[in-house]
Amino acid sequence: MTDPPAVQGVLAAAMLSRSDFACILDHALAEREAGQGPLTERLGLSGAEIARLRDRWSPSAVLPDLSLPAPQYSADQQAIATLILWRARATDDEARWLAAILARRAMERRHLWEDCGLPSRAALSGLIARHLPGLAAANSQNMRWKKFFYRQICSDAAFSLCLSPTCDDCEERADCFAPE
């Protein structure tokens, strides 16, 4: 006998979430092994927060650096984390962990999905939709995530991080709103 469709959906979502967080942890561990810094710096979380994330999504994983404090956040990183939580309208532990991770990984040079260790932009969008649905809804034009974060921050008069005041005037508009 198979599970009813509602149960299958819950199970599938749980498996996707576990897979997403496993990809993120694996990527951060690979960077750590390559000498790019401790796990706490790679994820933007304290060792205690990483331990709680592990206990939730990958309880059998043995992880290093769990006794380390949270790293210092740059102004950009803090602004992105705040934006994510504000747009997501969420304050639970998982939302805070994911906001910190996404903000930290947004400081890297490649596409955010690549810097998270995810297989595609669609996988990142799915992760955000599952865990931060308010943030996903705010990105109604399907803008690339890093660009979306900075455009949102730029709409605040206190910041001047963007070259163009509106997306319509930006010469990179086609790249930001490109199809998958």
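## A buried aspartate in a loop

Aspartate 65 has a relative accessible area of 16%, under the 20% cut-off, so aspartate 65 counts as buried. This residue belongs to a predicted model. Find aspartate 65 in the loop between helix H3 (47-57) and helix H4 (75-88).

Now look at the backbone. Most residues other than glycine have a negative phi. Aspartate 65 is not a glycine, yet its phi is positive, at about 70°.

## An exposed arginine in the next loop

Arginine 89 also has a positive phi, of about 55°, and it is not a glycine either. Its place is in the loop between H4 and helix H5 (93-105).

Is arginine 89 buried or exposed? The cut-off for exposed is over 50%, and the relative accessible area of arginine 89 is 67%, so arginine 89 is exposed. Aspartate 65, in contrast, is buried.

## The whole chain

What secondary structure does the protein chain have? It has 10 helices and zero strands. Along the sequence, the pattern reads α-α-α-α-α-α-α-α-α-α.

The protein chain has 180 residues, and 42% of them count as buried. Next come the contacts between residues at least 6 apart in sequence. Of these, 62% join residues at least 24 apart.

## Helix H5

How far apart should the ends of H5 be? H5 has 13 residues, and at 1.5 Å a residue they should span 18 Å.

H5 is mostly covered, with 11 of its 13 residues buried. Among the buried residues are Trp97, Leu98, Ile101 and Leu102. The buried set also includes Glu94, Arg104 and Arg105.

## The nonpolar core

In soluble globular proteins, nonpolar side chains tend to be buried together. Here, the largest nonpolar core has 41 residues. Leu43, Leu102, Leu132, Leu135 and Phe149 have the most contacts inside this core. Several helices each supply at least two of its residues: helix H1 (5-33), helix H2 (39-43), H3, H4, H5, H7 and helix H9 (145-154). Which helix gives the most to this core? H5 does, with eight residues.

Take a closer look at phenylalanine 149. Set aside its neighbours within four places in sequence. Phenylalanine 149 is then in contact with Ile80, Leu83, Ile84, Leu112 and Leu135. Leu135 is also one of the core residues with the most contacts.

Serine 125 is in helix H7 (residues 121-131). Its relative accessible area is 18%, under the 20% cut-off, so serine 125 counts as buried.

Which residue does the side chain of serine 125 meet in a polar contact? Its partner is the side chain of tryptophan 145, and the contact is 3.0 Å.

## Cysteines without a disulfide

A disulfide is a covalent bond between the sulfur atoms of two cysteines. How many disulfides does the whole structure hold? The search finds zero.

Cysteine 116 is buried, with a relative accessible area of 1%. Cysteine 23 has a relative accessible area of 22%, so it falls between the cut-offs of 20% and 50% and counts as partly exposed.

Conventions. Residues are numbered from 1 along each chain as its sequence is written. This is a predicted model: local features need pLDDT of at least 70, side-chain atom pairs count only at pLDDT 80 or more; totals for chains, interfaces and linings use all residues. Side-chain values use heavy atoms; hydrogens and water are left out. Helices (H or I, at least four residues) and strands (E, at least two) are DSSP runs, numbered from the N terminus. Buried means under 20% relative accessible area, exposed over 50%, partly exposed in between (1.4 Å probe, protein chains only). Contact means heavy atoms within 4.5 Å. A polar contact is a pair of N or O atoms within 3.5 Å; within protein, one must be able to donate a hydrogen and the other to accept it, and residues adjacent in sequence count only if both atoms are side-chain atoms. A disulfide is a pair of cysteine sulfur atoms within 2.5 Å. The expected span of a helix is 1.5 Å times one less than its number of residues. A nonpolar core is a set of buried Ala, Val, Leu, Ile, Met, Phe, Trp, Tyr and Cys residues joined through side-chain atoms within 4.5 Å.
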